[in-house]
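Here is a short note to read beside the model. Keep the structure open and find each element as it comes up.

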Amino acid sequence: MEKKRQKNRTIAAALLFCLVFGMGIGAGNLQSGVCEDAVKECFNDWYNQAWGYFGTVYCVMGYAFCKKYIDP
Amino acid sequence: MKNGKMFRRAAAVVLIVPLSIFAAEQRLKVSIQEILSIGALDDEAIFQWTGVAADRDGFIYVLDGLDYSLKKFDAKGKLVKKAGRKGQGPGEFLAPRLLACSEDFLYATDQTVLGISVFDKDLQFKKRIPFSAPLTDLFVRSDETIAIVVMGFPGPGKIVVMDGSGRVQTELAYQEKYAGPMMDSVSAALDGQGHFYLAYLFQDRIERWDQRGKRLWSKNLLGIKKVEMKKIGDYVLPTEVCYKDISLDDRGRLFVLAGKHAKNPSRDVYVLSPSGEWLSTLTLPDTTHCLYIDRQNFLYVRANEGITLKKYRLIYE
């Protein structure tokens with residue numbers, strides 16, 4: 001039961017993470033610094049870069065949400 | 001010898017001052033009693049809730065980020081209705097975030113869509129209130145008094161109070177100058193006198209402001225002097241969360257959810273008087289990102305990483 005619970009939690013967190021930044025990331029990457037890594041990828045994403053200011057704001061908003069929702 | 005004794009005393013003072021909130025005697029004991037639990041690991045009621053609101057009739061509304069929906073549950077936790085789908089059109093969501101309710105309507109935000117979507121209590125989409133900047137918090141006193149926290153990037157953040165059509169009534173600039181990306185990120189609450197309470201996401205600051213833009217008090221409960229920063233890409237961003245959310249109970253007491261610096265991160269809730277005096281610390285059984293107290297004084301928080309919504313009765317002794 002606890003194993004299933006942990007697995008579901010990890011999957012849920014991973015799915016949420018994809019939702020935050022709209023990118024694929026393995027559940028195994030969910031650890032300390034994950035929001036920092038993700039926002040860096042978000043900044044470097046060509047699509048977000050093409051959107052200029054709006055792309056940056058999107059990444060920063062995602063970072064804040066990630067910090068609030070996922071970070072301990 | 002004497003110097004050593006003095007040093008120990010000085011060290012004790014240094015240690016005691018920042019940690020006073022943890023050592024001080026509680027003036028009020030606050031505990032919780034579970035009333036309702038919605039969503040479990042083995043059902044599909046909720047996949048990952050982000051925002052919650054409850055009305056006077058006991059209905060609970062939830063924004064679910066993983067199935068792009070707005071859900072309505074009755075007082076027993078039974079799913080009554082579900083609305084929304086993936087998209088950016090009317091009544092659709094891509095990244096639903098904040099939720100608030102008035103007597104008749106629900107107000108929802110989406111990270112990727114500007115403005116506020118308005119639904120009636122049957123979850124029928126009614127309109128979108130336009131707003132051209134990203135929002136970090138939202139609270140509704142009535143359909144004609146909607147307050148939003150606007151992220152300043154670049155520029156200092158502000159609170160905007162607008163009517164139901166999006167017409168700005170007042171603005172409150174709570175930072176004199178721009179301090180960098182995310183440094184103005186706050187959770188906010190509005191009391192019955194029209195005073196705003198702010199809890200900073202990345203700064204050890206909790207504040208109360210009046211409607212005219214005067215800061216009434218400012219508190220730091222964690223003893224954090226320096227904001228941890230990290231250069232990420234072209235930006236220097238804060239990394240350690242101080243306060244995640246705030247909410248007010250029916251007597252105007254402030255509940256503040258503490259982040260990483262707390263003894264129990266994302267579980268410790270500091271209870272403050274309206275004048276900012278620390279009264280008590282409540283430790284939740286599970287981590288949460290959200291703290292919501294409804295008009296009947298029930299507390300709503302998450303469990304199971306957002307799969308479960310818990311409703312608690314607040315008990316004061």
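1. Start with a hairpin. Strand 10 and strand 11 of chain B form it, with 2 residues between them. Strands here are DSSP runs of E, at least two residues long, and helices are runs of H or I, at least four residues long; both are numbered from the N terminus. Two strands pair if DSSP finds at least two bridges between them. One pair to look for is B:Leu135 with its bridge partner B:Val150 in strand 11.

2. A word on the source. This is a predicted model, in which local features need pLDDT of at least 70, side-chain atom pairs count only at pLDDT 80 or more, and totals for chains, interfaces and linings use all residues. Residues are numbered from 1 along each chain as its sequence is written, while chains are lettered from A and ligands numbered from 1 in the order in which they are written.

3. Is strand 10 of chain B mostly covered or mostly uncovered? Strand 10 (residues 135–142) is mostly covered, with 6 of its 8 residues buried. Buried means that 20 or more other C-beta atoms lie within 10 Å of the residue's own; exposed means 12 or fewer, partly exposed is in between, and the C-beta atoms are placed from the backbone.

4. Now chain B as a whole. Its secondary structure comes to 2 helices and 26 strands. The radius of gyration of chain B is 20 Å, close to the 20 Å that the globule rule gives for 317 residues, so chain B is as compact as a globular protein of that length. That radius is taken over C-alpha atoms, and the rule is 2.2 Å times the number of residues to the power 0.38. The C-alpha trace of chain B spans about 75 × 40 × 40 Å along its principal axes. Of the 317 residues in chain B, 43% are buried.

5. Chain A has another make-up. It has 4 helices and 0 strands, in the pattern α-α-α-α along the sequence. Chain A has 72 residues, and 35% of them count as buried.

6. Where do the chains meet? In all, 31 residues of chain B are in contact with 27 residues of chain A. Contact means that the C-beta atoms of two residues, placed from the backbone, lie within 7 Å. The side of chain B that touches chain A divides into 13 nonpolar, 13 polar and 5 charged residues. Nonpolar covers Ala, Val, Leu, Ile, Met, Phe, Trp, Tyr, Cys and Pro; charged covers Asp, Glu, Lys and Arg; the others, Gly among them, are polar.

7. Next, the core. The largest nonpolar core holds 97 residues, and B:Val52, B:Tyr107, B:Tyr243 and B:Val256 touch the most other members. Its largest share, 9 residues, comes from helix 4 (residues 53–69) of chain A. Such a core is a set of buried Ala, Val, Leu, Ile, Met, Phe, Trp, Tyr and Cys residues joined through C-beta atoms within 7 Å. Setting aside residues up to four places away in sequence, B:Val52 touches several residues, including B:Ile60, B:Leu99 and B:Tyr300.

8. Look at one sheet in chain B. It is open, with 4 strands in the order 1-26-25-24 and antiparallel pairing. Strand 1 (30–38) and strand 24 (292–293) of chain B stand at the edges, each with a single partner strand, so one side of each is left without a neighbour in the sheet. Between strand 25 (residues 298–303) and strand 26 (residues 308–316) of chain B there are 6 bridges. B:Ala303 has B:Thr308 in strand 26 as its bridge partner.

9. Check two backbone angles. Most residues other than glycine have a negative phi. B:Asn304 has a positive phi of about 50° although it is not a glycine. It lies in the loop between strand 25 and strand 26 of chain B, and is buried, with 20 other C-beta atoms within 10 Å. B:Leu123 also has a positive phi, about 70°. B:Leu123 sits in the loop between strand 8 (113–120) and strand 9 (125–129) of chain B, and is partly exposed, with 18 other C-beta atoms within 10 Å.

10. B:Lys225, between strand 17 (215–219) and strand 18 (229–232) of chain B, counts as exposed because it has 8 C-beta neighbours inside 10 Å. B:Gln203, between strand 15 (196–200) and strand 16 (206–209) of chain B, counts as buried because it has 22.
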